[in-house]
Amino acid sequence: MSELLVLVLFIATLGLPGSICVSAAFLPIQDRGIRGCGESLDHALAAARRLHSYYGKDRGMYSENNYQWTDSNALEDVQNLMLLSGSDAYSETSETSYLARAAFDPGMDWNGWLGKYNDDTQWHVLSLWKMSDYRRKRGGDPRPYLAAAERMYDIISSHWDDECGGGLWWTTEHTYKNAITNEQFLLLSAAGYLRNHNQTYLDNAKNVWQWLRHSGMRNHQGLFNDGLNFTSCHNNGQTTWTYNQGLVASGLGALSAATGDKALLDEAEITLDATIAHLTTNGILRETCDKDTNEGKNCDGDQQIFKGLWTKHLMYYLEFANEPHRAQKYSQFLGAQSAAIHRHATNITSGDIGSVWYTPTQAGSIFSYKTVTSGLAAHIAAAKYGAC
Ligand SMILES: *[C@@H]1O[C@H](CO)[C@@H](O)[C@H](O)[C@H]1NC(C)=O
Ligand SMILES: *[C@@H]1O[C@H](CO)[C@@H](O)[C@H](O)[C@H]1NC(C)=O
Ligand SMILES: *[C@@H]1O[C@H](CO)[C@@H](O)[C@H](O)[C@H]1NC(C)=O
């Protein structure tokens with residue numbers, strides 16, 4: 001696609017009439033004075049085409065081994081791209097996906113369908129919301145997706161108790177309380193309230209943030225470690241994954257939008273800024289398992305997608321915050337991630353995007369639909385808020 005066409009397309013999407021009258025949170029917000037990067041939109045469209053080549057129509061999934069949580073994130077990214085660009089290229093894909101099929105099944109036994117992981121369930125909710133936004137925007141009925149999301153929310157909510165002062169359990173087996181599950185619950189509760197105005201959601205959002213902030217999981221650097229030691233209820237000192245630093249920001253952004261409390265945005269930026277200060281090399285995000293050689297252990301099937309999640313949730317944070325000076329603050333960084341992914345991590349022949357973004361040396365890079373998804377999310381965030 002020519003750059004001019006991309007530019008025209010990009011400007012056209014910013015002015016889509018549909019996006020003004022839809023009040024639901026989480027739709028692209030028209031931030032005044034914010035320009036995204038047109039080249040990043042071009043890269044995102046290319047990444048989405050490559051991602052689609054992994055899609056198995058029969059199974060309704062990108063993964064071959066039923067890896068549902070990353071599949072749901074891939075679906076969510078594709079909705080974000082269609083919402084931002086005005087393209088309908090993947091509407092059928094979404095509507096026939098494993099997640100849509102489940103949502104359309106009136107007799108669905110959700111407890112059976114969902115696995116034991118409460119974090120996985122919450123990724124499905126985020127994806128269902130975006131699928132509902134896209135469907136509504138195209139004149140369809142969003143309710144099947146929203147109803148499924150509501151059922152899932154009720155299921156995970158039941159795994160909150162008072163051990164270690166509160167918090168949701170990571171799994172239905174109740175053996176671990178960790179950051180990601182509770183950060184997601186903050187986001188789902190606050191963003192859910194913005195959608196449905198159900199007071200229970202807002203109460204949950206306030207409770208989980210009170211718990212998180214006193215849990216000790218945020219360390220002296222401002223980064224969230226993985227979780228709690230269950231004997232002591234203290235920070236277990238495990239890895240500060242990038243996605244943990246992004247999810248808390250989108251959750252706090254949503255809670256700020258719900259309550260009007262701007263101090264929550266400053267709380268979010270403590271952790272966002274700590275990510276940039278501590279989890280980068282050459283100004284580019286680097287997961288602790290990312291490296292430039294293939295010696296030793298590289299990122300596993302979950303970890304390959306974390307950096308993209310950080311960028312996606314920074315984008316959501318900026319949507320909720322909806323303040324130009326905050327978007328301005330992160331625009332260079334978002335643009336730099338997109339440019340590095342294009343220059344360092346993309347195989348021009350295949351269109352694949354690898355897992356290692358911070359260096360041109362790709363020996364330690366992994367190429368999979370997950371790493372393509374991760375790159376796609378970063379390109380979309382830069383298309384919306386990045387500087388070229
Ligand atoms: C509000 O949300 C709670 C928790 O999901 C649910 O039990 C309740 O039925 C909802 N209330 C309304 C009016 O929908
Ligand atoms: C958890 O905390 C207990 C009690 O303070 C300590 O003895 C134990 O070594 C800790 N476990 C880990 C894995 O850090
Ligand atoms: C890029 O993709 C092509 C086509 O799949 C493949 O043959 C080639 O080995 C890849 N290059 C690198 C550097 O991985």
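In helix α15, residues A327, S331, L334, G335, S338, I341 and H342 meet G375, A378, H379, A381, A382 and Y385 of helix α16. When the residues of this contact are sorted by class, 7 are nonpolar and 6 are polar, and no charged residues take part. The structure described here is a predicted model, and within it α15 spans residues 324–345 while α16 spans residues 369–385. The two helices pack at an angle of about 140 degrees, with their axes 8 Å apart; because this angle lies between 115 and 145 degrees, α15 and α16 are oblique to each other. The crossing in which α15 passes α16 is left-handed.

On the α12 side the contact involves Q245, V248, A249, L252, G253, L255, S256 and T259, which meet L264, L265, E267, A268, T271, L272 and T275 on the α13 side. The residues of this contact divide into 8 nonpolar, 6 polar and 1 charged.

Several of these positions are also touched by Y317, whose contacts, leaving aside residues up to four places away in sequence, are A249, S250, G253, L265, A268, E269, L272 and R326. Among these, A249 and G253 belong to the α12 side of the contact between α12 and α13, and L265, A268 and L272 to the α13 side. Y317 is, together with L376, one of the residues with the most contacts inside the largest nonpolar core, a set of 109 residues.

With residues up to four places away in sequence not counted, L247 touches W123, I180, E183, Q184, L187 and H313.

The remaining helix pair considered here consists of α9 (143–157) and α10 (179–196), which pack at an angle of about 135 degrees with their axes 12 Å apart. That angle makes α9 oblique to α10, and the crossing of the two helices is left-handed. The contact is made by L146, Y153, I156 and S157 of α9 together with F185, L188, S189 and R195 of α10. By class, the residues of this contact divide into 5 nonpolar, 2 polar and 1 charged.

Two cysteines in loops have positive phi values. C164, found in the loop between α9 and α10, has a phi near 60 degrees, a positive value in a residue other than glycine. C233, placed in the loop between α11 (199–214) and α12, likewise has a positive phi of about 60 degrees although it is not a glycine. At 28% relative accessibility, C233 counts as partly exposed, because this value falls between the limits of 20% for buried and 50% for exposed residues.

How values were computed
Residues numbered from 1 in each chain as written. Chains lettered and ligands numbered in written order. Predicted model: local features only at pLDDT ≥ 70, side-chain atom pairs only at ≥ 80, totals over all residues. Heavy atoms only, no water. Contact = heavy atoms within 4.5 Å. Core = buried A, V, L, I, M, F, W, Y, C linked by side-chain atoms within 4.5 Å. Buried < 20%, exposed > 50% of the residue type's maximum accessible area, 1.4 Å probe, protein only. Helix = DSSP H or I, 4+ residues; strand = E, 2+ residues; numbered from the N terminus. Nonpolar A, V, L, I, M, F, W, Y, C, P; charged D, E, K, R; others polar. Axes fitted to C-alpha atoms, helices over the stretch in contact; angles between N-to-C directions. Parallel < 35°, antiparallel > 145°, perpendicular 65-115°, else oblique. Left-handed = near helix turned anticlockwise from the far one by under 90°.
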